[in-house]
Amino acid sequence: NLSFQQGKSNTMAERQPLHQPLLPVSALVHEESPPKKHLCCFCCCYMRETVLWIQFFFGIVWATAWLISYSLGYYKQWASDPQIIADLTLAYWKVSIINGVGIGVAVVVIFGAIYYKPALVFLGAIYTIIEAILTPIYMYPVVKDFYTSSWMYIVWPIIYGMLIVYPHVVFTYELKTGVWENPNFSE
């Protein structure tokens, strides 16, 4: 019962109207600056351009160069033992399949980056992780006995993977959070 409270009036004229907020709207709305696009390594270019360049250069050009290199069979000059050559051939055949699939994934990721499709861009990050795991699994056991820098078959995919995954994950996050506006492609 409101009449029981001391010092309070119960008349409708003295009460604050219901349509007026108790606080000003500016106190309720926290105005933030629009989210900003991230620069790759804080200096170079936006993540979208970075993903496009990475997929074009590493996903298509570099992988194609490696496929050509594997097909020419230069690795057969590294050993004279027929068993090692057979193991190298099998290992490089498996890595060639990884690179061939990688070229297809790169085309899909480029499409995703051009048309702002976060799932397709994130596919590039997932595939890079798979590639960084499978390549040393197939290559290191074969090359560790005769290649003095065989540890690079383990270290390089980890470094390469981190450098490649970073822009894909950040760009996917930016797409999901609305940093990148999806333009109208129908016009």
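Analyst: Start with one term: contact means heavy atoms within 4.5 Å. The model is predicted, so local features need pLDDT of at least 70, side-chain atom pairs count only at pLDDT 80 or more, and totals for chains, interfaces and linings use all residues. Numbering runs from 1 along each chain as its sequence is written, and side-chain values use heavy atoms, with hydrogens and water left out.

Take F171. Leaving aside neighbours within four places in sequence, F171 is in contact with M47, R48, V51, A113, V121 and W180.

F171 also belongs to the largest nonpolar core. Such a core is a set of buried Ala, Val, Leu, Ile, Met, Phe, Trp, Tyr and Cys residues joined through side-chain atoms within 4.5 Å. Buried means under 20% relative accessible area, with a 1.4 Å probe and protein chains only. This core has 14 residues. V51, A113, V121, F171, L175 and W180 touch the most other members.

Which elements give two or more residues to this core? They are α2 (47-72), α3 (82-114), α4 (118-143) and α5 (152-177). The largest share, four residues, comes from α3. A second, separate core has ten residues, including Y75, A91, M139 and Y153.

Now the setting. The chain has five helices and zero strands. Helices (H or I, at least four residues) and strands (E, at least two) are DSSP runs, numbered from the N terminus. Of the 187 residues in the chain, 30% are buried. Among contacts with a separation of 6 or more, 72% join residues 24 or more positions apart.

Conventions:
Buried means under 20% relative accessible area, exposed over 50%, partly exposed in between (1.4 Å probe, protein chains only).
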